[in-house]
Amino acid sequence: MVHPALNNRDMSGISSPGQNSTLITNIGELMTQDLEHRVLKDAAIVFEGERIAWIGSSNDAPVADTKIDAEGRAVLPGWVDSHSHLVFAGDRTAEFEARMAGQSYSAGGIAVTTGATRSVSDDELTRLVRDRVTEAVSQGTTYLESKTGYGLDVENEARSARIAAALVDEVTYLGAHLVPAGSDPEEYTDLVCGEMLDAVLPHVRWADVFCERGAFTEEQSRRVLTAARDAGLGLRVHGNQLGEGPGVALAVEFAAASVDHVNYLSEKDIDALAGTWAGWDPATGSGVRGTVATCLPACDLSTRQPLAPGRELIDAGVQIALAANCNPGTSYTSSIAFCVTTAVLQMHLSVHEAVRAATYGGALALGRESGNDVDGERAVGSLAVGHRADLHMLKAPSATHLAYRPGIPLTHSVWRAGVRAV
């Protein structure tokens, strides 16, 4: 069945004045990840400018300025990576080797990256971030969040936020990543909540706090979240990574958009997260959205923590996201496909659930799951008329190959806001 046309226009020619249209036809499997959860066979999609204009059967495809034959390949929404730390210099290979030899992970290694990041020029740091974005896009990621958090003083946190804002889609302030060596924890928390927050505010949309042993206590985390909320920022929490703790409860209390890591969850934590979604209708996307549980499986493997309980969270009614958590200490990868594969093979998600978590789920975590021609705010993470044209074509006839052929690079081509990027 053909998807309804936009604005009842003549489907024989859908281009608006000044906008070129592109038709991709002969798609073996089109996984929309929209609210209808459609998986279309022998499908076609048209986009004009940055917006999707039509979805339907290849047999009914309208005329467009440019026609591309998918030759039976699968098309998905582009990955939405809602958790990364791209603004850094140096690496922590020695720490990784030690961890593989049996040492446990602690938050203290962040200080090594802070020193390396502070030491490079603006131009070099910009180049490093740009290269990482390019690497992510080459693997199908079309919408990226990145945090600050390796500056940890006013000047370097502001620099990190400014550089990130020029290169990624969403920037999160993470001055509360670690208390720098030699700093008084209470005085540093005051700095994060005051002068540092003011310095980054023009460049960021979100704030985060690492609420974990060795990082920030519950009381300090509460102060950070309160200050960020009062400044008008959306909230996120690093929580429950190294053990059960207050991270999930704080995220729920503050109505945070997401709580990330979630390796160690009690039944109470899962129930609390599920409760945040009680007023939201997944069939329509209407109602009060809850707190997304963002799972970071590449990080779990690298730190040898138990994988986040994605299956249990989904079964409880919690919306989850999958993200790469690209950073030099615990997850030096931007491969969302690897995360999807791990979620299917080891976290017991279906292929559809894993792809949804890495597309629509990431958009939910960033508040970008909705929007169309009516409100002018383009949705990402799903394929529907009016949404942003972020497409990921695979070198395979279906998304199942992401898990069926683990480790094989399956990205064929990528469109980001309607522009061919790969």
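In the predicted model described here, ring pairs link Phe88, Tyr150 and Tyr332 into a cluster, where rings of Phe, Tyr and Trp (its six-membered ring) pair if their centres lie within 6.5 Å, planes under 30 degrees apart counting as stacked, over 60 as edge-to-face and the rest as tilted. Because the model is predicted, local features need pLDDT of at least 70 and side-chain atom pairs count only at pLDDT 80 or more, whereas totals for chains, interfaces and linings use all residues. Residues are numbered from 1 along each chain as its sequence is written, and side-chain values use heavy atoms, with hydrogens and water left out.

A search of the whole structure finds 5 aromatic pairs. One of them is formed by phenylalanine 88 and tyrosine 150, an edge-to-face pair with 6.2 Å centre to centre and 75 degrees between the planes. This pair links distant parts of the chain, 62 residues apart, with phenylalanine 88 in the loop between β6 and α1 (93-100) and tyrosine 150 in the loop between β7 (141-147) and α4 (154-165); helices (H or I, at least four residues) and strands (E, at least two) are DSSP runs, numbered from the N terminus. Phenylalanine 88 counts as buried at 0% relative accessibility, and tyrosine 150 counts as buried at 2%, buried meaning under 20% relative accessible area, exposed over 50% and partly exposed in between (1.4 Å probe, protein chains only). Tyrosine 188 and phenylalanine 216 form a tilted pair, with 6.3 Å centre to centre and 40 degrees between the planes. Tyrosine 188 lies in helix α5 (residues 185-193) and phenylalanine 216 in the loop between β9 and α7, so the pair ties together parts that are 28 residues apart in sequence. Tyrosine 188 is buried, with a relative accessible area of 4%, and phenylalanine 216 counts as buried at 1% relative accessibility.

An open sheet of 8 strands has the order β6-β7-β8-β9-β10-β11-β14-β15, with parallel pairing, two strands being paired if DSSP finds at least two bridges between them. The edge strands, each of which pairs on one side only, are β6 (79-81) and β15 (320-322), and the twist averages 25 degrees from one strand to the next. Within this order, strand β11 (residues 258-261) and β14 pair in the parallel sense over 3 bridges, and alanine 293 in β14 is the bridge partner of valine 259. Helix α7 (residues 218-230) lies across β8 (170-176), β9 (206-211) and β10 (234-239), running at about 180 degrees to β9; axes are lines fitted to C-alpha atoms, for helices over the stretch in contact (heavy atoms within 4.5 Å), and angles run from 0 to 180 degrees between N-to-C directions.

Antiparallel pairing is found between strand β16 (residues 391-394) and strand β17 (residues 411-416), over 4 bridges, with leucine 394 opposite threonine 411 in β17. Strand β17 is also joined by 2 bridges to strand β18 (residues 419-420), again in the antiparallel sense, and arginine 416 stands opposite valine 419 in β18. The hairpin of β17 and β18 has 2 residues between the strands, and alanine 417 in the turn has a positive phi of about 55 degrees.

Not counting residues up to four places away in sequence, valine 355 touches Met31, Gln33, Leu76, Trp79, Val340, Ala399 and Leu402.

The search of the whole structure finds 29 salt bridges, each a side-chain nitrogen of Lys or Arg within 4 Å of a carboxyl oxygen of Asp or Glu. Among them is the contact of glutamate 29 with lysine 41 (3.1 Å, N to O). Glutamate 29 lies in strand β1 (residues 21-31) and lysine 41 in strand β2 (residues 39-48), so that the pair ties together parts that are 12 residues apart in sequence. Glutamate 29 is buried, with a relative accessible area of 7%, whereas lysine 41 counts as exposed at 55%. Salt bridges also link Glu48, Glu50, Arg51, Asp373 and Arg378 in a network.
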